[in-house]
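This briefing is meant for a reader who is meeting this structure for the first time. Please keep the sequence and the 3D view at hand while reading the notes that follow.

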Amino acid sequence: MATFIIGLVILFVGAAIYGKFCEHVFGPDDRQTPAYTKQDGVDYVPMRGWKNSLINLLNIAGTGPILGPIQGILFGPIAFITIPIGNIIGGAMHDYFSGMICLRDGGTQMPDMIRKYSNKGVYTIYQIFCSLLLLLVGAVFIYTPGDIAATQVFGFDGAATSVSTWVIYGVIFVYYLIATLFPIDQIIGRIYPIFGAILLFSAIGVFIGIFVKDFPLLNLWDDWNGAIFAYGDYFDANHFIPIFFITVACGILSGFHSTQTAIISRTMKSERQGRMTFYNMMILEGFIAMVWAAGAMGAYNLGLQEANASLATGTIGIVCKYVLGNVGGIIALIGVIVLPITSGDTALRALRMTIADAFHIDQKSMSKRVTLAAVIFALVAVILVVAKSNPDGFNILWRYFAWSNQTLSLFAFLAITIWMFETGRGKYAWMPLIPGTWYTFVTVTYIMNAQIGFHIPWAGAYAIGIAAAALYCLVLIWYGKKRSAAKAKK
């Protein structure tokens, strides 16, 4: 238990210090925001600070900070230290600067930010990559909450052949369509406070239950193989680096988040709200990840659930009901279901806005929004049907989603680095360069070895990953200095 508590202290104290430093480096001021200068009643709408923060939290916190840590804790108590450190210097910094740069540049979406701070080739790759990821997010975040609702709330079998499964999927699908089409303050802005209350009940309830039920959590200095599950053996056999960082994903870092902070950049009343809205909400996601990592370890060590990554969704229900009882457990499960739903809807909204900006499609017209959304949702439906119909479809879908999610963050770190050089903040370029270089190594090494990738033996995969990381760092430093010099001459 002590290591878990130490991890929480690192998370919140570290966030207070580094979050303030990030704010200092960016330098928010009192200039008028795009919510006022471009107000259109659809996407550019001034909203209160607490509402922007809550919406951003619900947008970014899908099933990643739950399913990821449940699987990641199999590597042992080191997860309680790795999650908060990575979150502070990687994920929260990524979210803050992505959101704030988009805000200052007029509420641009991430593709425009990438285009402005890179070149046409990088922008084209990002545009394609981002669109594919958002489609995967839409499909995954119908699949996972739909299956959890079917099997653990309503008691259905969740099979692909069951009508009940597709009815539940259909309800979520229709909600996504409505949330994608209507002005952000009419749907998302009104129901998210309710969703937020359920989410907080779920996370805080499980957190308190960990102490009340005295969950047996291992410490770094304990025998990792002394519990029911041999965490030490799992750590030795499964390549902690890079697999842990791909598995845990959203609790530490998520490239998907930059697409969501860009949405909120269009509804903020003041730049000074950025630290709370962007940085601190990612810290809360880290807290959720820590809670579910601890809840899962407790369930494994008590023998309530088999420690198996493939049983992650089942672990959620067991932890909720053991900690909070049947009624409280159901409410907590609803909170878990809310997380992916409130990320899936804005993922598809972000995709609509991204495509509209790229092709200059006016989104004030409902008919144009419907036409664009129809194409997007048709593609999501195809992915969902194919994944559900294949016995191993979801595992394949999730692996590609997890890898592409982390890989997408490299583009954001790239743009943040160049932005720093161009705006006279070159001495702080190490802030995005460190996590960007690290995740280049992680994502390249993983895909080189993975079954969904190139099947290269680990020794070769590590060598390629190291070379890619070094190249990423050196090229960005060279390009950043070149852009900075070119701008100084103008």
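In this predicted model, H239 counts as partly exposed, because its relative accessibility is 26%. This residue is found in the loop between α10 (231-237) and α11, and its phi is near 50°, a positive value in a residue other than glycine.

**Around helix α11**

- Helix α11 covers residues 240-248 and includes P242, which is joined to I241 by a cis peptide bond with an omega of about 15°.
- A249 lies in the loop between α11 and α12, the latter spanning residues 256-264, and although A249 is not a glycine, its phi is positive, at about 50°.
- Is A249 buried or exposed? With a relative accessible area of 6%, A249 is buried, since the cut-off for that class is under 20%.

**The bent helix α14**

- Helix α14 runs over residues 312-359 and has 48 residues, yet the C-alpha atoms at its ends are only 40 Å apart, whereas a straight helix at 1.5 Å a residue would reach 70 Å.
- Where is the kink in α14 centred? The kink is centred on G325, and the angle there is about 130°.
- After α14 comes H360, a residue whose phi is positive, near 55°.

**The nonpolar core**

- The largest nonpolar core has 162 residues, and within this core the residues with the most contacts are F97, W292 and I316.
- Leaving aside residues up to four places away in sequence, F97 touches C22, V25, F26, I416, W419, M420 and M431.

**The cysteines**

- A disulfide is a covalent bond between the sulfur atoms of two cysteines.
- With a disulfide taken as a pair of cysteine sulfur atoms within 2.5 Å, the count for this model comes to 0.
- C22, one of the residues that F97 touches, is in no disulfide, because the nearest cysteine sulfur, that of C102, is 16 Å away and the cut-off is 2.5 Å.
- C22 is also buried, with a relative accessible area of 0%.
- C473 is likewise in no disulfide, and the cysteine sulfur nearest to C473, that of C22, is 18 Å away.

Methods. Residues are numbered from 1 along each chain as its sequence is written. This is a predicted model: local features need pLDDT of at least 70, side-chain atom pairs count only at pLDDT 80 or more; totals for chains, interfaces and linings use all residues. Side-chain values use heavy atoms; hydrogens and water are left out. Helices (H or I, at least four residues) and strands (E, at least two) are DSSP runs, numbered from the N terminus. Buried means under 20% relative accessible area, exposed over 50%, partly exposed in between (1.4 Å probe, protein chains only). A nonpolar core is a set of buried Ala, Val, Leu, Ile, Met, Phe, Trp, Tyr and Cys residues joined through side-chain atoms within 4.5 Å. Contact means heavy atoms within 4.5 Å. The expected span of a helix is 1.5 Å times one less than its number of residues. The bend at a residue is the angle between axes fitted to the seven residues ending there and the seven starting there.
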